[in-house]
Amino acid sequence: MVHDVSDYMAALIAYDDTDCRYALYVNRPNLSFGYFYRGGGTAWEMKNGIAEVMVEE
């Protein structure tokens, strides 16, 4: 499992030999405190690495 957090976004990726799951959270300043679930799912194609993840507002 790996994760990373910035002021605007948090990402969590959990994987093993048979599955890869991810969750993305966004922080919306001035609306509320904390990170809110934005999307996620299963993505086996992430197994070989991630170069970029785009989140549309």
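Mentor: Start with the whole chain. Of its 57 residues, 19% count as buried, where buried means under 20% relative accessible area, exposed means over 50%, and partly exposed lies in between, with a 1.4 Å probe and protein chains only. This is a predicted model; local features need pLDDT of at least 70, side-chain atom pairs count only at pLDDT 80 or more, and totals for chains, interfaces and linings use all residues. Residues are numbered from 1 along each chain as its sequence is written, and side-chain values use heavy atoms, with hydrogens and water left out.

The protein chain exposes about 4,800 Å², an area from the Shrake-Rupley method with a 1.4 Å probe; for residues, only the protein chains shown count as cover.

Now the elements. The chain has four strands and zero helices. Both kinds are DSSP runs numbered from the N terminus: helices are H or I with at least four residues, strands are E with at least two. Along the sequence the pattern reads β-β-β-β.

Look at β3, residues 20-27. On one side of the pairing list stands β2, residues 9-15, antiparallel to β3 and joined to it by seven bridges. Two strands pair if DSSP finds at least two bridges between them. Four residues separate β2 and β3, and the two form a hairpin. Within this pairing, L12 has A23 of β3 as its bridge partner.

β3 also pairs with β4, residues 35-42. Again there are seven bridges, and again the strands run antiparallel. Here L24 is bridged to G39 in β4.

Stay in β4 for R38. R38 counts as partly exposed because its relative accessibility is 33%.

Finish with N27, which sits in β3. The N27 side chain reaches the backbone oxygen of D7 at 3.0 Å. That is a polar contact: a pair of N or O atoms within 3.5 Å, where within protein one must be able to donate a hydrogen and the other to accept it, and residues adjacent in sequence count only if both atoms are side-chain atoms. Contact in general means heavy atoms within 4.5 Å. Leaving aside neighbours within four places in sequence, N27 touches D7, Y8, S32, G34 and Y35 by that criterion.

One last figure covers the chain. Among contacts between residues at least 6 apart in sequence, 24% join residues at least 24 apart.
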